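Q: Could you walk me through reading a few local features here?

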Amino acid sequence: MTGRTPARFTADDYRARMERAVRAAGDAGLAGLLVAPGPDLVWLTGYAPPAVTERLTLLVLSPDRDPVLVVPALEAPDAAAAAGASALALRDWTDGQDPYAATTALLDTGGRYGVSDNAWALHLLRLQKALPDTSYASLTEALPMLRAVKDAAELELMQAAGAAADATYEEIRKVPFAGRRESEVGADLAGLLRRFGHSQVDFTIVASGPNGANPHHEVGDRVIEHGDMIVLDFGGLKDGYGSDTSRTVHVGEPTDEERRVHDLVREAQEAGFRAVRPGVACQEVDRAARAVIADAGYGEYFIHRTGHGIGVTTHEPPYMIEGEEQPLVPGMCFSVEPGVYLPGRFGVRIEDIVTVTEDGGRRLNGTTREMVIVD
């Protein structure tokens with residue numbers, strides 16, 4: 001995560017998020033939350049430290065006191081300038097002082113706390129040493145839906161990120177593919193994402209021909225050839241919120257089988273999208289898409305989950321996967337991205353970001369899902 005979230009979020013927005021997080025922690029049987037630098041801290045406070053260092057920075061949220069951000073003194077001015085700073089108290093410490101003493105004073109000696117997943121083991125172990133009767137749970141396990149439901153302003157940013165990814169796809173269709181390396185087309189994708197407003201590019205997958213059978217191939221030195229099927233999957237952060245879309249294109253006319261597999265994946269993606277509505281378990285989206293592919297005899301070649309949540313990171317809960325019984329809630333945003341991967345031959349994936357509405361789902365990507373021929 002880089003930079004700050006947009007100024008459109010006010011101190012009141014961050015205060016409301018922190019209050020919601022405290023309530024969720026209480027409902028989960030936790031004494032509070034300990035939030036280290038990363039996407040959770042940005043979402044809760046608007047603060048992203050200028051650099052990741054070994055110095056302790058930790059937001060402490062608990063029901064019996066106002067939010068407190070423990071921060072190194074040399075970074076306190078940056079923390080104080082964050083959009084959510086007025087909704088919390090800063091407690092700074094200087095080099096030579098014990099930052100853990102400042103933190104443990106805010107904790108219950110026998111409490112169980114939720115800890116952001118990217119907290120340093122060094123810091124957590126020092127807190128455990130100072131308060132051996134405390135215990136900890138990762139936020140992904142304890143509060144997996146903390147950031148899952150987006151408000152109206154967040155949905156607006158998600159829509160804008162999706163539109164930027166769509167604009168990138170419309171432009172990349174125009175560039176030459178045959179005779180160029182995957183890495184060259186990947187560089188084009190990254191440049192277009194930035195041109196259309198992304199501050200961070202998280203991935204640019206260009207998987208041509210047999211490389212398309214590896215869902216996470218990204219880019220390589222393979223020279224794209226006439227007759228290749230090419231999986232394009234790209235995204236990142238625009239104004240602090242994520243994009244992620246996949247389309248599969250073909251250099252020249254496809255074979256009948258290639259077109260048939262592409263049409264099958266498109267039908268599966270449509271089935272997954274149509275399964276989206278409030279109250280439906282996440283696994284039902286996966287089941288709907290997977291059934292189409294399995295019924296056509298390609299089930300063994302669909303080798304990943306159907307989708308993942310997205311927001312201030314490009315991958316986060318909830319997950320559209322068998323066994324996930326979390327019901328869909330209006331405001332959730334996630335991918336629907338079935339695929340078929342034929343080893344040594346080619347792959348096809350089609351992906352949109354979808355948000356749950358009051359009566360169904362809405363796509364945040366609008367480019368064609370039909371087969372596109374490129375040069």
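Q: Is Asp239 buried, partly exposed or exposed, and why?
A: Asp239 counts as partly exposed because its relative accessibility is 36%. This is a predicted model, where local features need pLDDT of at least 70, side-chain atom pairs count only at pLDDT 80 or more, and totals for chains, interfaces and linings use all residues. Residues are numbered from 1 along each chain as its sequence is written, and side-chain values use heavy atoms, leaving out hydrogens and water.

Q: What is the phi of Asp239, and where does Asp239 lie?
A: Phi is positive, about 50 degrees, although Asp239 is not a glycine. Asp239 sits in the loop between strand 8 and strand 9 (241–251); strands are DSSP runs of E, at least two residues, and helices are runs of H or I, at least four, all numbered from the N terminus.

Q: What about Glu218?
A: Glu218 has a positive phi too, near 60 degrees. Glu218 is in the loop between strand 7 (200–208) and strand 8 (229–238), and counts as partly exposed at 42% relative accessibility.

Q: Which residues does a cis peptide bond join?
A: Pro317 and Pro318, with omega about 5 degrees. Pro318 is in strand 11 (residues 316–320).

Note on methods
Buried means under 20% relative accessible area, exposed over 50%, partly exposed in between (1.4 Å probe, protein chains only).
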